[in-house]
Amino acid sequence: MAFTLQLGAQAPRFSLPATNGQTYSLDDFSDAPVLVVFFTCNHCPYVIGSNEVTRSTALKFTEQGVRFVGINSNSAATYPNDSFDHMVEEMEKHNFPWVYLHDESQDVARAYGALRTPHFYVFDADRKLIYTGRAVDQPRDTSKMTVNDLDQALTEHLSGKTISVPLTNPIGCNVKWDGQDAHWMPEEACDLV
């Protein structure tokens, strides 16, 4: 069985604390015609390098009701900078246009099969997976990017078209699993394409 959620799969449920003091579940976004769930963190250079492009993409589709949910599943024991307190600081500093949730148990990362930070999952109105992988092809230095696959997938879907590239490999740091070496990945985790 594949580690990462397969296209057409239903969005796994979650209930996680956010940096704003609230707890969010999948149902809290039921009014959104499209939901983007992405695994992210505080320290990864690929996340830091692409956060502003992710912000621009999120803001671009806000008027069409698209919601973005960032989830940090990294072990703070591996990277102390990925602690919940640092998540709160990051949101206060950058005011990103998404809710930022903490998956301390890493159960949600396992349910989605998160491979890297960042790793994006786009769900339609029925919460079926229609795109997964990277946002851009050069997340560490977006001045060199040639394609924004996330923007393209959202544009195509919202205009009623079939998503031309529904699957890409996420580019970034691997998820930091608790009790494991910083570079460890589950044996069944592999490239998506």
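**Cavities, rings and backbone**

Analyst: The second largest cavity is lined by Ser50, Thr54, Pro118, Phe120, Arg134, Ala135, Val136, Pro139 and Ile171. A cavity here is a set of points on a 1 Å grid over the protein atoms alone where a 1.4 Å probe fits but cannot get out, and lining residues have an atom within 4 Å of a point. This is a predicted model, in which local features need pLDDT of at least 70 and side-chain atom pairs count only at pLDDT 80 or more, while totals for chains, interfaces and linings use all residues. Residues are numbered from 1 along each chain as its sequence is written, and side-chain values use heavy atoms, with hydrogens and water left out.

User: What volume does that second largest cavity have, and how does its lining divide by class?

Analyst: Its volume is about 40 Å³, where a volume is the space filled by probe spheres set on the grid points, joined across faces, edges and corners. The lining of the second largest cavity divides into 6 nonpolar, 2 polar and 1 charged residues, with Ala, Val, Leu, Ile, Met, Phe, Trp, Tyr, Cys and Pro counted as nonpolar, Asp, Glu, Lys and Arg as charged, and the others, Gly among them, as polar.

User: And what lines the largest cavity?

Analyst: The largest cavity, with a volume of about 70 Å³, has a lining that includes Thr40, Cys41, Asn42, Glu90, Phe96 and Trp98. Helix 1 (residues 45–60) gives the most to that lining, with 3 residues; helices (H or I, at least four residues) and strands (E, at least two) are DSSP runs numbered from the N terminus.

User: Switching to aromatics, how many pairs are there?

Analyst: The count comes to 10 aromatic pairs, where rings of Phe, Tyr and Trp (its six-membered ring) pair if their centres lie within 6.5 Å, and planes under 30 degrees apart count as stacked, over 60 as edge-to-face and the rest as tilted. Phe3 and Trp177 form an edge-to-face pair, 6.4 Å centre to centre with 80° between the planes. Because Phe3 lies in the segment before strand 1 (15–17) and Trp177 in the segment after strand 9 (173–174), this pair ties together parts that are 174 residues apart in sequence.

User: Are those two buried or exposed?

Analyst: Both Phe3 and Trp177 are buried, where buried means under 20% relative accessible area, exposed over 50%, and partly exposed in between (1.4 Å probe, protein chains only). Phe39 and Tyr121 also form an edge-to-face pair, at 5.8 Å centre to centre and 80° between the planes. Phe39 lies in strand 3 (residues 35–40) and Tyr121 in strand 7 (residues 119–123), so the pair ties together parts that are 82 residues apart in sequence.

User: Which rings are linked into a cluster?

Analyst: Ring pairs link Phe38, Phe68, Phe96, Trp98 and Phe120 into a cluster.

User: Now the backbone: which residues does a cis peptide bond join?

Analyst: A cis peptide bond joins Thr117 and Pro118, with omega of about 0°, and Pro118 sits in the loop between strand 6 (116–117) and strand 7.

User: What about Gln106, where is it found?

Analyst: Gln106 is in the loop between strand 5 (99–102) and helix 3 (107–112), and has a positive phi of about 70° although it is not a glycine. At 1% relative accessibility, Gln106 counts as buried.

Methods. 1 Å grid on protein atoms, 1.4 Å probe; cavity = no way out; pocket = protein on both sides within 12 Å on 5 of 7 lines; lining within 4 Å.
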